Amino acid sequence: MRHPGGTETVHAGSVLIAQITDTHVRRKGDLLHHMIHTGRELRRAVEAINESSPRPSFVVATGDLVDRGKAKEYKRLRKILGELRVPVFLIPGNHDDRDALRDAFPDHAYLPPKGPLCYAIESRPVRLVALDTTRRARAPGGELDAARLEWLDRTLSLAPATPTLIAMHHPPFEIGLAPVDAHALRGRAELARIVAVHPQVARIVCGHVHRFHETLVGGASAVSVPSTAHQLVLEAAGGIPCAVRVEPPAVAFHRWTGRAIVTEIRRTNHPGATPRLRAVS
């Protein structure tokens with residue numbers, strides 16, 4: 001597996017960044033909700049990234065990398081991501097286990113040895129700042145406590161002239177739908193205030209909700225992107241508060257134009273898929 005250090009330049013002059021999220025990898029043969037081949041779908045996403053022209057400078061994976069936080073799941077995740085032809089940076093989600101993630105990727109030197117997995121990658125022309133928004137293990141909601149917010153403010157202050165992409169798992173905004181907003185990110189108002197005084201923040205990207213949403217946070221554009229595996233149907237019909245649906249997975253590509261970041265959602269190959277709904281708790 002190719003891996004960069006936390007303070008190294010990745011590809012000077014490159015302008016394209018790929019994002020994958022909510023991969024929910026399980027052990028081989030273990031289907032998510034008895035119908036979703038998450039490992040197979042991640043391989044299709046990896047193929048789409050490798051075949052992209054131009055190829056991205058790097059990939060950022062924004063959480064829920066595996067489904068149960070188990071060592072065997074991370075072993076499979078590592079094997080699949082090892083097929084990428086560009087570096088990948090990992091951010092945990094609420095389904096992940098920080099220690100198991102670190103143990104599975106010991107060569108990813110940018111990951112802090114303890115505590116939240118927040119880090120900065122000094123790439124050019126766009127800097128990557130990764131925020132760990134997870135709370136206690138398996139808690140669905142996210143959190144940015146005082147220490148992580150202070151770290152973000154300090155980290156952004158170190159490079160005020162460099163366009164910056166902030167990446168995290170939980171959306172730093174309310175969706176407007178009860179099933180999601182019941183577990184909205186704690187500390188999002190403070191995050192918006194920090195972003196507002198750092199105009200170099202070109203975009204905030206996240207996952208968690210398995211859908212594309214876009215709004216402004218502290219004056220910066222913020223987007224959530226679809227899953228590589230399955231999408232959520234929020235407030236589905238028939239009184240179901242939240243359901244999963246098998247429909248085309250996706251990879252996001254964020255292109256720096258020299259003035260702004262433009263996001264494109266590309267659906268990955270998903271032959272023969274028939275939309276199916278399944279309620280989730």
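User: Is strand S12 (residues 250-256) largely enclosed by the rest of the structure or open, and why?

Analyst: This is a predicted model. Burial is read from relative accessible area, and under 20% counts as buried. In strand S12, 6 of the 7 residues are buried, so the strand is largely enclosed by the rest of the structure.

User: Which strands pair with S12?

Analyst: Take S1 and S13 in turn. Strand S1 (residues 16-20) pairs with S12 in the antiparallel sense, over 4 bridges. Strand S13 (residues 261-267) also pairs with S12 in the antiparallel sense, over 7 bridges.

User: Which residues stand opposite His254 of S12?

Analyst: Ile17 stands opposite His254. In S13, Thr263 is the bridge partner of His254.

User: Which residues line the second largest cavity?

Analyst: The lining includes His170, Pro171, Phe173 and Ile175. Val180, His183, Ala184, Leu185 and His208 also line this cavity. By class, the lining has 6 nonpolar, 3 polar and no charged residues.

User: What lines the second largest pocket?

Analyst: Lys28, Arg43, Lys72, Lys75, Arg76 and Lys79 line the second largest pocket. By class, that is 6 charged residues, with no nonpolar and no polar ones. Helix H2 (residues 71-81) gives the largest share of the lining, 4 residues. The space in this pocket is about 180 Å³.

User: Now a single residue. Is His210 buried or exposed?

Analyst: Its relative accessibility is 3%, so His210 counts as buried. His210 sits in the loop between strand S7 (201-206) and strand S8 (213-217).

User: What does the side chain of His210 make a polar contact with?

Analyst: The partner is the side chain of Asp22, at 3.3 Å. Beyond its neighbours within four places in sequence, His210 is in contact with several residues, among them Asp22, His24, Val225, Pro226 and His230.

User: Where is Arg55 found, and how does it count by relative accessibility?

Analyst: Arg55 is in the loop between helix H1 (38-50) and strand S2 (58-62). Its relative accessibility is 39%, so Arg55 counts as partly exposed.

User: Which residues is Arg55 in contact with, leaving aside its neighbours within four places in sequence?

Analyst: They are Leu16, Ile49, Asn50, Arg85 and Val86. The side chain of Arg55 reaches the backbone oxygen of Asn50 at 3.3 Å.

User: How far apart are Arg55 and Ala18 in sequence and in space?

Analyst: In sequence, Arg55 and Ala18 are 37 residues apart. In space, they are 8.9 Å apart, C-alpha to C-alpha.

Terms used:
Residues numbered from 1 in each chain as written. Predicted model: local features only at pLDDT ≥ 70, side-chain atom pairs only at ≥ 80, totals over all residues. Heavy atoms only, no water. 1 Å grid on protein atoms, 1.4 Å probe; cavity = no way out; pocket = protein on both sides within 12 Å on 5 of 7 lines; lining within 4 Å. Nonpolar A, V, L, I, M, F, W, Y, C, P; charged D, E, K, R; others polar. Buried < 20%, exposed > 50% of the residue type's maximum accessible area, 1.4 Å probe, protein only. Helix = DSSP H or I, 4+ residues; strand = E, 2+ residues; numbered from the N terminus. Pairing = 2+ DSSP bridges. Points joined across faces, edges and corners; volume = space filled by probe spheres on them. Polar contact = N/O pair within 3.5 Å; in protein donor to acceptor, adjacent residues only side chain to side chain. Contact = heavy atoms within 4.5 Å.
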